[in-house]
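Hi,

Here's the structure I said I'd pass along. Have a look when you get a minute, and then read on for what turned up.

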Amino acid sequence: MALIPCRECGQQVSDRAKICPHCGIDFPSGKPLAQARAMRASNGISLVGFLVLLLAMTIAGKLLGGVFIIASGMALFVFLVGLYFLPAFLAIDRDHPNTLSIIIINLFFGWTAVGWIICLVWALLGKRNSAP
Ligand SMILES: [Zn+2]
């Protein structure tokens with residue numbers, strides 16, 4: 001948490017404050033909620049896009065053969081690791097208040113399908129830690 005000048009009155013406010021305590025304007029940090037949400041959404045989309053790309057490489061390797069087999073194997077490995085830690089990535093991306101707990105449970109119980117699903121749901125349901 002840092003103190004920044006309010007975009008309206010210039011007084012010191014928390015960069016996480018939703019309302020300036022001095023002048024009452026919404027989001028004195030100058031980052032409107034919609035913009036912050038759009039940034040979060042684009043992060044999520046790029047993460048999913050990355051996993052899709054890895055999956056596509058895996059399939060391409062299976063179809064094309066040859067040198068692509070190696071790339072395919074590496075892509076599949078990264079894809080599986082990425083998928084395994086998806087709940088942890090989501091928790092970090094969403095600035096989840098229980099990020100550390102989710103990472104630990106994801107790490108040790110993610111291999112049980114139930115543990116992985118619990119982590120995923122927990123990561124998605126949790127209240128955001130930081131107000132934009
Ligand atoms: Zn202000």
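Predicted model: local features only at pLDDT ≥ 70, side-chain atom pairs only at ≥ 80, totals over all residues.

Let's start with the core. The largest nonpolar core has seven residues: Ala 88, Leu 90, Ala 91, Ile 102, Ile 103, Cys 119 and Ala 123. Three helices each supply two or more of them, namely H3 (86-93), H4 (99-109) and H5 (113-125). H3 is the top contributor, with three residues.

Next, how do H3 and H5 sit against each other, in terms of angle and axis distance? Their axes are 8 Å apart and the packing angle is about 15 degrees. Since angles under 35 degrees count as roughly parallel, that puts H3 roughly parallel to H5. The crossing of the two is left-handed.

As for who meets whom, the H3 side brings Leu 86, Pro 87, Leu 90 and Ala 91, while the H5 side brings Trp 116, Cys 119, Leu 120, Ala 123 and Leu 124. That contact is made of nine nonpolar residues, with no polar and no charged ones. Leaving aside residues up to four places away in sequence, Leu 90 touches Ala 123 and Leu 124.

Is Ile 92 buried or partly exposed? It counts as partly exposed, because it has 16 C-beta neighbours inside 10 Å, and being buried would take 20 or more. Ile 92 and Ala 123 are 31 residues apart in sequence, with 8.6 Å between their C-alpha atoms.

Cheers

Notes: Residues numbered from 1 in each chain as written. Core = buried A, V, L, I, M, F, W, Y, C linked by C-beta atoms within 7 Å. Buried ≥ 20, exposed ≤ 12 C-beta atoms within 10 Å, placed from the backbone. Helix = DSSP H or I, 4+ residues; strand = E, 2+ residues; numbered from the N terminus. Contact = placed C-beta atoms within 7 Å. Axes fitted to C-alpha atoms, helices over the stretch in contact; angles between N-to-C directions. Parallel < 35°, antiparallel > 145°, perpendicular 65-115°, else oblique. Left-handed = near helix turned anticlockwise from the far one by under 90°. Nonpolar A, V, L, I, M, F, W, Y, C, P; charged D, E, K, R; others polar.
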